[in-house]
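Dear colleague,

I am passing on a structure that you have not worked with before.

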Amino acid sequence: MLFRSKRYIARLKLDATDRSGLFADIAQAIMAAEGGIVGIKASVVGGNIARMKVEIKVRDIEHLYAVIARLNAVKNVIEITRG
């Protein structure tokens, strides 16, 4: 019998300076922190700001903070907020 720990859905809003490869770097950072990507909506606003709404699966609040820390380390990320 397999035991699976409960996962929670967390929603993040992310702003970054738009650049080539940004979307891939965001996805890679989430996966590197062992987060599961549920969905991402992305658009460019104001000409050069990439705005993403990201839904991820995490184990608990500490795991969420670890994912956010990885995302903050991605080049050109300006701000990450929950919600």
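**What was found**

Arg82 is found in strand S4, where strands (E, at least two residues) and helices (H or I, at least four) are DSSP runs numbered from the N terminus. The model is a predicted one, in which local features need pLDDT of at least 70 and side-chain atom pairs count only at pLDDT 80 or more, while totals for chains, interfaces and linings use all residues. Residues are numbered from 1 along each chain as its sequence is written, and side-chain values use heavy atoms, with hydrogens and water left out.

Arg82 has a relative accessible area of 53% and is therefore exposed, given that exposed means over 50%, buried under 20% and partly exposed in between (1.4 Å probe, protein chains only). Not counting residues up to four places away in sequence, Arg82 touches Arg11, Leu12, Ile61 and Leu64, contact being heavy atoms within 4.5 Å. Its C-alpha atom is separated by 17 Å from that of Ala29, which is 53 residues apart from Arg82 along the chain.

The strand that holds Arg82 belongs to an open sheet of four strands, ordered S2-S3-S1-S4 and paired in the antiparallel sense; two strands are taken to pair if DSSP finds at least two bridges between them. Strand S2 (36-45) and S4 stand at the edges with a single partner strand each, so one side of each has no neighbour in the sheet. From one strand to the next the twist averages 20 degrees, with axes being lines fitted to C-alpha atoms (for helices over the stretch in contact) and angles running from 0 to 180 degrees between N-to-C directions.

Within the sheet, S1 and S3 pair over ten bridges, and Lys13 stands opposite Lys53 in S3. S1 and S4 pair over five bridges; here Leu14 stands opposite Ile80, and Ala16 has Val77 as its bridge partner. H1 packs on the sheet, touching S1, S2, S3 and S4, and its direction makes about 20 degrees with that of S3.

The other helix described here, H2, lies across S1, S3 and S4 and runs at about 160 degrees to S4. H2 has twelve residues and reaches 16 Å from its first C-alpha to its last, close to the 16 Å expected at 1.5 Å a residue, that expected span being 1.5 Å times one less than the number of residues. The buried residues of H2 are His63, Leu64, Val67, Ile68 and Leu71. Seen down the helix axis, these fall within an arc of 140 degrees and so line one face of H2, the arc being that of the directions from the axis to the C-beta atoms. They pack against S1, H1, S3 and S4. One of them, His63, has 3% relative accessibility and, leaving aside neighbours within four places in sequence, is in contact with Arg7, Ala33, Glu34, Gly35, Lys57 and Val58.
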